[in-house]
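Open the model in your viewer and keep the selection tool at hand.

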Amino acid sequence: MKFTKTALIVALTSSCALAHAQQFEDASSIEFGGFDLTPTLDVGFRYDDNITRASQNETSSWSQIISPQAVMLTNFGSSQVTVGYRLRNERFFSSPIDNYTDHFFEAGVEYELNSRHRLDIGIDFSDTHEDRGTGFSIGSGDDLNKPDQFKQAEFDILYSYGAFNADGRLDLNFNVTNRDYDISTPQYMARDRTFSTLGSTFYYRVGATTDLVFDIIHTDVSYKFDLNADSPLDSTQVSYLIGLDWEATAQTSGYAKIGYQEKDFDSPFREDFDGVDWEAGILWEPVEYSTVELTTGANTNETNGEGNFIRGRDYQVEWRHEWLDRLRTRVSYTWGNDRYEGQTVESIGVRQDDLARFRASMYYQFRRWINFELGYIRDERDSNRATIVYDRNQILINALFTL
């Protein structure tokens, strides 16, 4: 199984409308207006012992989740069109103010002009939310009387030049992502922003299964409203990376890149940043029914209320194993550190959060068209801000249906 950074991004960021269909190896489709339509339905229950991620006086509740989705796919020649929609509704038995209904829509075209020219165009729209106690309500989730809702629209276009077996290939990418929160008070309006990203990746073959990779990524971050007109959060971010993308054997593949990143603020009152940037991932498949995946990366994220930006470092290990034809498990552990640069509290210093998540799920495909999941999640956050320290446990019971 070939494993590249591109494959990882697709796996992590592809619309949730497609995610559940992938739980089935042989999900059936029906013809619909020239498309193959694959509907699925996720019905489940979840127990959460700390809904708002509070450090004390936690709120717990069982909830019911209903998530229908539909994916339509059609091919013309070697090209493909995909359209997907998913709805997710969750109702809490003991905390109804946390109820929500999310909508996700995506459409994409993968168009192969010829063996040297390829074009991928995607549009995504989400009408979704941040749970109380996350995002801008970290440590103060009880201050909200409902989830923090927002809308996000994204347009992405990728042009690829060069045959896959050529010594050199070039990818050019343009992306615009706009996020707009529903709460209209100045503090919350100051989060609305647009990302405009232009990136290029050059692959140079240095072996039968190894490419030398060069990345340049330029992002403009523009906020729609400033709490302080003299010190806006608008910035420009540039990353330069070099590394390898390889498939050492049929059982092992991966990528590793390291480089330099700088973030320059428009305001002279905010301190710019420059430092080391990296991303890496290794996939090990010792046998066809078992896979171990390791990933890590350093990144800069926009602030959620404290500091100029968040400098993060993340690590994850995941093990996927198929015990029987119908029984498989997935276990992962993720940990990292977020450092809130640009704002210091006397006697405490710069805010630093240590984050950890353990997740274990068991899937049993009772019939070709029904798949059961039993899962457990443990979240922890430690910080030098005592009010945002928390731990949280969840139990998941799901049934996924397809045709």
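Start by selecting Arg359 and Glu373: these two form a salt bridge, with the closest N and O atoms 3.3 Å apart. The term salt bridge here means a side-chain nitrogen of Lys or Arg within 4 Å of a carboxyl oxygen of Asp or Glu. Arg359 belongs to strand E17 and Glu373 to strand E18, so the pair ties together parts that are 14 residues apart in sequence. Strands (E, at least two residues) are DSSP runs, numbered from the N terminus.

The model is predicted: local features need pLDDT of at least 70, side-chain atom pairs count only at pLDDT 80 or more, and totals for chains, interfaces and linings use all residues. Residues are numbered from 1 along each chain as its sequence is written, and side-chain values use heavy atoms, with hydrogens and water left out.

Colour the pair by accessibility. Arg359 is partly exposed, at 27% relative accessibility, while Glu373 is buried at 9%. Buried means under 20% relative accessible area, exposed over 50%, and partly exposed in between (1.4 Å probe, protein chains only).

Next, select Arg320 and Glu318. Their side chains meet in a salt bridge at 2.3 Å, N to O. Arg320 is partly exposed, with a relative accessible area of 25%; Glu318 is buried, at 6%.

Now go to Asp48 and Arg392. The closest N and O atoms of this salt bridge are 2.8 Å apart. Asp48 lies in strand E2 (residues 35-48) and Arg392 in strand E19, so the pair ties together parts that are 344 residues apart in sequence. Both Asp48 and Arg392 are buried.

For the last stop, select Phe45, Trp62, Phe93, Tyr333, Trp335, Phe358, Met362, Leu374, Tyr376, Ile395 and Ile397, which make a nonpolar surface patch of about 1000 Å². Such a patch is made of residues with over 30% relative accessible area and no salt bridge, nonpolar side chains (Val, Leu, Ile, Met, Phe, Trp, Tyr) being joined within 5 Å. Accessible areas come from the Shrake-Rupley method with a 1.4 Å probe. Strands E16 (327-345), E17 (349-367), E18 (370-383) and E19 (390-402) each supply at least two residues of the patch. Finish on Trp62 in strand E3 (residues 61-76); Trp62 is partly exposed, with a relative accessible area of 34%.

Conventions
Patches are made of residues with over 30% relative accessible area and no salt bridge: like charges are joined within 9 Å, nonpolar side chains (Val, Leu, Ile, Met, Phe, Trp, Tyr) within 5 Å. Helices (H or I, at least four residues) and strands (E, at least two) are DSSP runs, numbered from the N terminus.
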